[in-house]
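Good morning, and thank you for making time for this item.

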Amino acid sequence: MEIISLHINGSRRELEADPEMPLLWVLRDLLGMTGTKYGCGVGRCGCCTVHLNGVAVRSCQTPVVAAGGMPVTTIEGLSEQGDHPVQQAWREENTAQCGYCQAGQMMTAAALLMQIEIPDDAAIDGAMSGNLCRCGTYKRIRKAIKRAAAETGKEHAL
């Protein structure tokens, strides 16, 4: 066990943990942040996606020691009021069905929009290909990402 310092959603947190403990378990079990979901546990479904230094990563495969000193953003930190363009687009397009995978889907989508302001279908499909949705809401996810991109573009034009 070591004292590990993390910068999560804009706040500095110190905790005692095994440095090899997956970031997912630190977030959920040690910090009580349950927005990030456990899916497959092997990094294939994307349910556990968070941003590490602005890049989408699978928190189930990221040892907490790898997050030391870098900003971590979870679904709780995407926006304090839930008004991030991706979150708004998800609501407006009624994207979620069961909702379990949606936090990871939104985190991947937000990371995509940080890299590509107006992604085309191929870019969306490529970025989102590692996020699985058992309900099959892929068409609504693509539509929500396009809506979020359009809204973000309008904000930048003002």
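This is a predicted model: local features need pLDDT of at least 70, side-chain atom pairs count only at pLDDT 80 or more; totals for chains, interfaces and linings use all residues.

Five strands form an open sheet in the order 2-1-5-3-4, and their pairing is mixed. Which strands stand at the edges? They are strand 2, residues 11-17, and strand 4, residues 55-58; each has a single partner strand, so one side of each is left without a neighbour in the sheet. From one strand to the next, the twist averages 40°.

Within this arrangement, strand 1, residues 2-8, pairs with strand 5, residues 71-73, in the parallel sense, over two bridges. H7 has P71, in strand 5, as its bridge partner.

Two helices may be described against the sheet. Helix 1, residues 23-30, packs on it and touches strand 1, strand 2, strand 3 (49-52) and strand 5. The direction of helix 1 makes about 100° with that of strand 2. Helix 5, residues 102-115, lies across strand 3, strand 4 and strand 5, and runs at about 35° to strand 3.

I turn now to helix 4, residues 85-92. Its buried residues are P85, V86, Q87, A89 and W90. Just after this helix, N94 adopts a positive phi of about 45°.

How do helix 4 and helix 5 meet, and at what angle do they cross? Their axes come within 9 Å and cross at roughly 130°, which makes helix 4 oblique to helix 5. The crossing of these two helices is right-handed. On the helix 4 side, V86, Q87 and W90 take part, and they meet Q102, Q105, M106, A109, A110 and L113 of helix 5. The residues of this contact divide into six nonpolar, three polar and no charged.

Finally, helix 5 and helix 6. The axes of helix 5 and helix 6, residues 121-128, come within 10 Å and cross at roughly 130°, so helix 5 is oblique to helix 6. This crossing, too, is right-handed. Helix 5 contributes Q105, T108, A109 and L112, while helix 6 contributes A123, I124, A127 and M128. By class, the residues of this contact are six nonpolar, two polar and no charged.

Definitions and conventions. Residues are numbered from 1 along each chain as its sequence is written. Side-chain values use heavy atoms; hydrogens and water are left out. Buried means under 20% relative accessible area, exposed over 50%, partly exposed in between (1.4 Å probe, protein chains only). Helices (H or I, at least four residues) and strands (E, at least two) are DSSP runs, numbered from the N terminus. Two strands pair if DSSP finds at least two bridges between them. Axes are lines fitted to C-alpha atoms, for helices over the stretch in contact, and angles run from 0 to 180 degrees between N-to-C directions. Contact means heavy atoms within 4.5 Å. Angles under 35 degrees count as roughly parallel, over 145 as roughly antiparallel, 65 to 115 as roughly perpendicular and the rest as oblique. A crossing is left-handed if the near helix is turned anticlockwise from the far one by less than a right angle, and right-handed if clockwise. Ala, Val, Leu, Ile, Met, Phe, Trp, Tyr, Cys and Pro count as nonpolar, Asp, Glu, Lys and Arg as charged, and the others, Gly among them, as polar.
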